[in-house]
Amino acid sequence: MKNNNLKDLVKTNTEFSLDNSSKMITSADIYWQKCLDIIKDNITSQVFNTWFKPISAIKYENHVLTVKVPSQFFCEWIEEHYYPLLQKTILKIMGDTAKLEYQVVIDDNHESLQQRTMKLPAFRNPPPSNQNQLPFAVSNPVVQDFPSYLNNRYTFNNFINGDSNQLAYSAAMAVADNPGKTRYNPLFIYGGSGLGKTHLAQAIGNYIINKNKNLRLLYTTSERFTVEYINAIQNNKANDFIAFYRSIDVLIIDDIQFFAGKEKTMDNFFHTFNSLHQESKQIILTSDRSLKDLKDIDDRLISRFQWGLVADIQMPDLEMRMAITQKKSADEGLTLPYEIIEYIAKNVSTSIRVIEGTLIKLLASTTLDNRELNLNLVKEIIHGTTSIEAKPLTIDEIKRNVSVYYNISNEIIESKSRKHEIALARQMAIYLTKQLTTLSLKTIGSYFGNRDHTTILHSCQTIENYLVTDKNVKKDFETLFEKLKTYQS
Ligand code: ADP
Ligand code: MG
């Protein structure tokens with residue numbers, strides 16, 4: 001790139017002033033136009049027109065290019081699907097100190113221009129710094145600082161509804177529109193693993209919080225709630241814990257089956273539930289089994305759960321699985337012929353998570369391993385006989401997979417950087433090595449920048465903690481672990 005020097009661009013900029021009726025072209029416009037030129041060459045024109053054309057530059061200041069996007073959904077989508085392309089392009093055009101910032105400008109009636117700025121230092125939405133702490137531990141009575149622990153990936157927009165989840169979906173929408181004011185309180189969603197309970201529960205949360213930033217909304221899991229309650233007792237803070245949970249406006253607790261057998265925690269939750277319910281605060285719960293199959297859960301709680309709406313999510317039928325396969329593959333930029341979509345939908349009938357996993361493998365095989373996309377490849381992937389993945393498992397393969405997954409080069413992963421993203425990728429690679437090989441801590445250390453065995457042990461413990469407290473890291477681990485398990489060990 002010849003002209004990526006800001007001074008040159010600003011100079012050029014003065015030569016670009018147009019007649020009075022037109023807007024002056026700024027350095028931000030020029031930078032963004034150059035980015036668009038590159039982006040355009042790397043994606044289809046349809047994708048470009050849908051996602052990139054509507055974006056315009058606002059300003060460029062202190063190495064930060066601010067662009068205007070029409071909705072929050074837009075940033076999420078771009079972030080999720082075009083992050084690597086965007087990152088590479090920005091760095092190429094503006095140098096490696098450059099940052100991109102989105103400004104969501106919802107221009108609904110021209111009079112009230114709502115503006116919200118979403119900062120994306122280093123591009124990817126960093127996990128909130130408090131993400132790994134427990135909610136009560138970091139809470140602050142000031143509403144603005146209240147962490148919701150939601151993952152903005154889960155929205156109604158990208159939730160596919162159909163017969164198998166219609167009731168749960170409709171109730172979720174109603175609750176999201178009017179938290180605490182419908183008859184669906186609590187809303188109790190249950191269904192098998194990977195069928196969308198967490199997605200739906202978080203979609204409610206994201207919807208509510210986007211509409212009303214002042215609400216105290218908390219997403220947590222029964223495990224997190226339990227750990228936190230035990231900590232509170234140990235630290236003589238049980239009363240503060242109780243007060244904290246009773247001050248919440250919308251409480252979402254995922255996977256409540258893990259309350260089973262935890263008498264004291266359940267007792268505490270029972271009183272919290274009553275207090276919130278009495279004040280018409282919305283409660284949303286999920287469980288991997290129905291009320292009658294919930295073992296070792298206090299009967300008083302079970303009867304409370306029946307007060308509201310109990311909605312199940314079933315495995316989608318064939319047609320819906322086809323729709324899901326089609327939509328998810330299109331989202332990943334994969335165009336699948338009808339027979340492949342049908343084959344996947346017919347043969348993957350355990351969960352939507354597994355459909356997603358199949359598509360990810362398919363994408364990896366065709367893009368990373370250059371396999372031809374055909375029915376045979378799909379069969380290999382689904383029936384677990386794919387030859388590309390039967391490669392021997394080596395530390396290098398583990399490192400390569402982690403590096404691709406987090407989009408961080410292996411050199412950086414092994415460096416001494418303590419930056420959260422980098423440290424996480426490093427700890428994940430170490431933990432996976434420990435899980436998947438029989439190597440000693442000392443040997444593993446020698447493969448990871450000659451680190452000593454206590455560092456390796458610490459990395460493993462850190463990831464283990466995350467697995468309990470951080471759904472995103474848990475998902476990272478599960479995805480990588482699934483992929484690596486298919487190698488020959
Ligand atoms: P559960 O909590 O029931 O185990 P999740 O909500 O974690 O399942 O869903 C597993 C994966 O499948 C997630 O990536 C989620 O986004 C996706 N998924 C589940 N149901 C749907 C749906 N109806 N539409 C789109 N994606 C879905
Ligand atoms: Mg879940």
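**Close-up 1. Phe 225 and Tyr 245, both buried, form an edge-to-face ring pair.** The model is predicted. A pair of aromatic rings is described by the distance of the centres and the angle of the planes. A search of the whole structure finds 21 aromatic pairs. In the pair shown, the ring centres of Phe 225 and Tyr 245 lie 4.8 Å apart. Their planes meet at 70 degrees, so the pair counts as edge-to-face, the cut-off being over 60. The pair links distant parts of the chain, 20 residues apart. Phe 225 belongs to helix α8 (residues 222-234), Tyr 245 to helix α9 (residues 238-246).

**Close-up 2. Ring pairs join aromatic side chains into a cluster.** Phe 225 and Tyr 245 are among its members. Phe 188, Tyr 190, Tyr 229, Phe 241 and Phe 244 also take part. So do Phe 259, Phe 269, Phe 273, Phe 305 and Trp 307.

**Close-up 3. Asn 151 is a buried loop residue.** The loop runs between α5 (135-138) and α6 (166-177). Asn 151 has a relative accessible area of 15%, and is buried because that value is under 20%. Its side chain reaches the backbone nitrogen of Arg 153 at 2.9 Å. Leaving aside neighbours within four places in sequence, Asn 151 is in contact with Gln 202, Asn 206 and Asn 472.

**Close-up 4. The charged end of Arg 300 sits over the ring of Phe 270.** The distance from the ring centre of Phe 270 is 3.9 Å.

**Close-up 5. The charged end of Lys 399 sits over the ring of Phe 448.** Here the charged end lies 5.0 Å from the ring centre.

Methods
Residues numbered from 1 in each chain as written. Chains lettered and ligands numbered in written order. Predicted model: local features only at pLDDT ≥ 70, side-chain atom pairs only at ≥ 80, totals over all residues. Heavy atoms only, no water. Helix = DSSP H or I, 4+ residues; strand = E, 2+ residues; numbered from the N terminus. Buried < 20%, exposed > 50% of the residue type's maximum accessible area, 1.4 Å probe, protein only. Polar contact = N/O pair within 3.5 Å; in protein donor to acceptor, adjacent residues only side chain to side chain. Contact = heavy atoms within 4.5 Å. Phe/Tyr/Trp six-rings, centres within 6.5 Å; stacked < 30°, edge-to-face > 60°. Lys NZ or Arg CZ within 6 Å of the ring centre and 35° of its normal.
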